[in-house]
Amino acid sequence: MEKTTSTAQEVFELLKAQHEHIREMLAQVMDTTGAARDSAFGALERFLALHQAAEETFIHSHEDSPVSQERVHEEEKAGQLMARLEAMDTATEAFENALAKFAASMMVHMEAEEYEELPELTRNASPQALGRMYNALERVPELAKQKGGRLEAGAIFASMLAYAKAEFSTLPSQ
Ligand SMILES: [Fe+2]
Ligand SMILES: [Fe+2]
């Protein structure tokens with residue numbers, strides 16, 4: 001449900017829950033094979049594109065802070081790694097090795113968001129600004145479930161991200 005205000009704790013819990021979901025999705029890609037793996041990878045890409053777009057639009061841009069700039073930089077690198085993974089055959093060991101590296105860097109990135117960036121950004125944020133962060137994150141699973149469009153399987157991560165950013169740019173930022 002749309003919130004006009006929120007608290008730092010609520011935003012933290014929602015972010016942490018999404019990170020947990022990303023961890024599970026990464027494990028699912030690792031633990032499956034064949035068509036199940038391809039479908040798990042597509043689901044991971046969709047969720048990650050939306051999560052990243054919500055963060056870039058409402059969290060990393062909240063303050064001009066070095067700790068947020070580092071997170072944006074890590075997300076750019078994650079996008080590049082995604083493009084490499086997309087070009088690989090998911091049945092190969094090379095894919096599994098690259099995915100393991102991607103997962104490891106994603107764990108570091110998510111912990112930095114939870115324990116370094118978010119506490120710093122939310123310390124002085126208004127309840128309204130926290131409400132906007134909360135609402136944006138809450139849209140992520142909703143949009144991930146939508147069928148059709150550019151987020152569906154077959155689209156590349158870069159175009160999913162562009163679509164996701166366009167979606168989040170329509171939410172009020174002030
Ligand atoms: Fe992120
Ligand atoms: Fe995140």
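This is a predicted model: local features need pLDDT of at least 70, side-chain atom pairs count only at pLDDT 80 or more; totals for chains, interfaces and linings use all residues.
**Entry 1: α1 against α5**

I then turned to the geometry of the pair. The axis of α1 and that of α5 (residues 127-145) come within 9 Å and cross at roughly 20°. The two helices are therefore roughly parallel to each other, as angles under 35 degrees count as such. I recorded the crossing of α1 past α5 as left-handed.

**Entry 2: α1 against α4**

I next examined α1 (residues 8-31) with α4 (residues 93-123), which pack at an angle of about 180° with axes 11 Å apart. That angle makes α1 roughly antiparallel to α4, the cut-off being over 145 degrees. From α1, the contact draws on Ala8, Val11, Phe12, Leu15, Lys16, His19, Ile22, Leu26, Val29 and Met30. From α4, I listed Leu99, Ala103, Met106, Met110, Glu113, Glu114, Leu118 and Thr122. The residues of this contact divide into 13 nonpolar, two polar and three charged.

**Entry 3: the nonpolar core**

I looked up the largest nonpolar core and found that it has 33 residues. Those with the most contacts inside this core are Ala49, Leu50, Ala53, Ala54, Met133, Leu137 and Ala164. At least two residues of the core come from each of α1, α2 (34-58), α3 (66-86), α4, α5 and α6 (157-169). The most is given by α2, with nine residues.

Setting aside neighbours within four places in sequence, I found Leu137 in contact with Leu14, Leu15, Gln18 and Ala54.

**Entry 4: Thr4**

I finally checked Thr4, which lies in the segment before α1. Is Thr4 buried or exposed? I counted 10 other C-beta atoms within 10 Å of Thr4; a residue with 12 or fewer is classed as exposed, so Thr4 is exposed. Not counting residues up to four places away in sequence, Thr4 touches Gln128 and Gly131. I also compared the position of Thr4 with that of Arg71, 67 residues apart from it along the chain, and noted a separation of 26 Å between their C-alpha atoms.

Note on methods
Residues are numbered from 1 along each chain as its sequence is written. Chains are lettered from A and ligands numbered from 1 in the order in which they are written. Axes are lines fitted to C-alpha atoms, for helices over the stretch in contact, and angles run from 0 to 180 degrees between N-to-C directions. Helices (H or I, at least four residues) and strands (E, at least two) are DSSP runs, numbered from the N terminus. Angles under 35 degrees count as roughly parallel, over 145 as roughly antiparallel, 65 to 115 as roughly perpendicular and the rest as oblique. Two residues are in contact if their C-beta atoms, placed from the backbone, lie within 7 Å. Ala, Val, Leu, Ile, Met, Phe, Trp, Tyr, Cys and Pro count as nonpolar, Asp, Glu, Lys and Arg as charged, and the others, Gly among them, as polar. A crossing is left-handed if the near helix is turned anticlockwise from the far one by less than a right angle, and right-handed if clockwise. A residue is buried if 20 or more other C-beta atoms lie within 10 Å of its own, exposed if 12 or fewer, and partly exposed in between; C-beta atoms are placed from the backbone. A nonpolar core is a set of buried Ala, Val, Leu, Ile, Met, Phe, Trp, Tyr and Cys residues joined through C-beta atoms within 7 Å.
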